[in-house]
Every structure is written in C-alpha cells, then in structure tokens.
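Me: I'm new to this one. Can you walk me through it, starting with the words you'll be using?

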Amino acid sequence: MPDTPPAHTHPYDALTPDLILDAVDGTGRRCDGRLQALNSYENRVYQLGVEDDAPVIAKFYRPGRWPRAAIAEEHAFALALAAGELPVVAPLQDGRGVTLHEHGGFLFAIYPRQRGRAPELERRDTLEWMGRFIARIHAIGAVQAFEHRPLLDLQTFGEEPFAFLLDAGLLPPDLLPAYQSVVRQVLAQARECFERAGDVVNIRLHGDCHAGNVLWDDDGPHFVDLDDARGGPAVQDLWMLLSGEREQMEQQLGAVLRGYREFYDFDPRELHLVEALRTLRLIHYAAWLARRWDDPTFPINFPWFNTQRYWQDQILALREQSALMQEPPLRVSLE
C-alpha cells in the first residue's frame, strides 16, 4: 500500500516551481525555466523568463482572501486606468480578454515587468508629479463604485481588526488591559475625526499608495499592486506620502495638492481624517500580521511581531496617535 502523502500545512506549500511554470505555460507562454521569487507577503509573486519574449510577472493570489468577483474588480479598475493612459501596471489579457486564470487551485494573473526605483519623496517636484497622477486615478475611480470590495472605514480597518486581535489571544496578559484601553480610546477619537470631516465622498482608491508600490523611471511614476484597492476618502491615497514633523508634512502635502488639484478637486474637510486613517492602519496592520502568522514566511520575515516589545511599542504609538488626533488638522493653503 503506497504511503499517504503528507498534508500541506499552508495552502502556499502546494505552490511548487513546477506548478508555477505549468500555470504560466497554460496561458500560452512558454517559460524557459528561469524563475525568481519577488518580494511579496500577502500574495506570491514571481518573475519568469519566457522563450523569445520579455520576462513576465506572475501573481498568485492568497487563497481565501478575495472572492473571484473582487479580484475581477481589481483587474477592471487597473485596465480602466491604463486605458486612460495612466501609468498603472495592469494585468495582461489573453486573446479572449481574460486576465484572471486558475491552475492547481490557485487564482493568478500575468503582468508585464516594470523596472524602476523608489520615488524621491523628499523632492517637491516628485510630490507634485505624484499628486497629478493620483488625481487622475481618482477622477476615474469616482466614475463608479466597487460592488465586491469593501470600504475603508472604522468598521473594516478598526473595529473588526481589534476584535480579531482580542479573539486571537496573542497579547501578553500584562499588556492586554493597556492595549484594550488605548485602542478603544483612539477608535472613539477616530470616529470623532470622521464626524468632523462630515459626509465625505468615497471613491475607488489605490488603497495602499506608499512609496513601495510606486516604481519611478525617466518617464515618472508607475503605480503597481492594486491588491488593496477599495472604496474610501481620497486622502487615503495621499497621507502615506507624508513623513516627518508637522511642518514638514504640511509642506509635503502642499506640494502633493498643487499637482493633485490640476486634475481633481480636493475636499479640505478630509484633512480631519489624516491622523485617524494613520491610526486605523496601525490597528489593521497588527491584525494583518496576526491573521497571516500561520504562513511560514511571516515568522521568518517579521520575527519582531508578537513579542513583548512589539505590543509595548504599539501601545506607545497609539497613545501618540491619540494626542495627534486632538490637534488641529494639517494646514495647507489651497489657493
């Protein structure tokens, strides 16, 4: 009687090099055997050599994260942006216009390879350039809403992640009361920030528009990885470009908005949301790491997570955010 094969401990254990090559071959490309894993944690992303053609990028979606319809919306948004002559790296279509493929139980897409470097966000002209292109993304994003992708709001980025962290039982018992107290406090303050902002418009966003998702070359920025695209306020795609002290962030945001307002209006009420959104991201990021801790790559790449020091630093960071949310919003001249 043959031995029973061992069960996979994680879905990605089944994503072998042979499966990857076979999957890409099945899209009509003939791989030449060159396979390089790229830096990605939520999904698995590889560069593959193709005979008599340029290399391609294959993105294998994390099983169970997004339903097929939500991935299809990501692709449709990227294709609409590319059709609008925006520098967004969109999935390649086959002869039937299909972008989402399936092989061996994995959903995947093929992308062209895009070279580039990180944007120099300390340069004012770079920030203005980024602002112009993000505004054009938002102009298309505002045309219609997502149906299958969630909103970025207090519930999805704050309350749900907080509840997951408590249920997971990861926090050290001696730090649990302090963490619970500060999270409840900052969630209440974030709610007040949203109330001060009023009825802001939710549009389709890039959703994770930080420097790591922008490749810069002589032609300017190229936006990659719409995996976190969702509905939300426009300022979500702007605040992650800011860093430093308050005065520095006001200068940076001023540069971004000078470019942005050439192509799309900005509602200044959304400035009330900057620190609230930063706070929600801290909570959501901790829960994201906790949800992925069964993936063997996460303990390797994030060894500092779930240590005593990590949760102490989280409590301190959230207390700092509490103080920042009590300050007036960033002041930027929109004249």
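Reply: Buried means under 20% relative accessible area, exposed means over 50%, and partly exposed is in between (1.4 Å probe, protein chains only). This is a predicted model, where local features need pLDDT of at least 70, side-chain atom pairs count only at pLDDT 80 or more, and totals for chains, interfaces and linings use all residues. Residues are numbered from 1 along each chain as its sequence is written, and side-chain values use heavy atoms, with hydrogens and water left out.

Me: OK. Is glutamate 42 buried or exposed?
Reply: Glutamate 42 is buried, at 10% relative accessibility.

Me: What does arginine 65 form with glutamate 42?
Reply: A salt bridge, with the closest N and O atoms 3.2 Å apart. The term covers a side-chain nitrogen of Lys or Arg within 4 Å of a carboxyl oxygen of Asp or Glu.

Me: Where do those two sit?
Reply: Arginine 65 is in the loop between strand 3 (53–60) and helix 2 (68–83), and glutamate 42 is in the loop between strand 1 (31–37) and strand 2 (44–50), so the pair ties together parts 23 residues apart in sequence. Helices (H or I, at least four residues) and strands (E, at least two) are DSSP runs, numbered from the N terminus.

Me: What about arginine 65 and aspartate 227?
Reply: Their side chains also meet in a salt bridge, at 2.2 Å from N to O. Aspartate 227 lies in the loop between strand 8 (220–223) and strand 9 (231–232), so this pair ties together parts 162 residues apart in sequence. Aspartate 227 is buried at 2% relative accessibility, while arginine 65 is partly exposed at 21%.

Me: How many salt bridges does the whole structure have?
Reply: The search finds 25. Some link up in a network whose members include Glu42, Arg65, Asp227 and Arg292.

Me: New topic. How many residues of strand 2 are buried?
Reply: 7 of the 7, so strand 2 is largely enclosed by the rest of the structure. Arg44, Tyr46, Leu48 and Val50 point one way, and Val45, Gln47 and Gly49 point the other.

Me: Which way do strand 1 and strand 2 run?
Reply: Antiparallel, joined by 4 bridges. Two strands pair if DSSP finds at least two bridges between them. Strand 1 and strand 2 form a hairpin with 6 residues between them.

Me: And strand 2 with strand 3, how many bridges?
Reply: They pair over 6 bridges, in the antiparallel sense. Valine 45 has lysine 59 in strand 3 as its bridge partner. This hairpin has 2 residues between its strands, and aspartate 52 in the turn has a positive phi of about 60 degrees.
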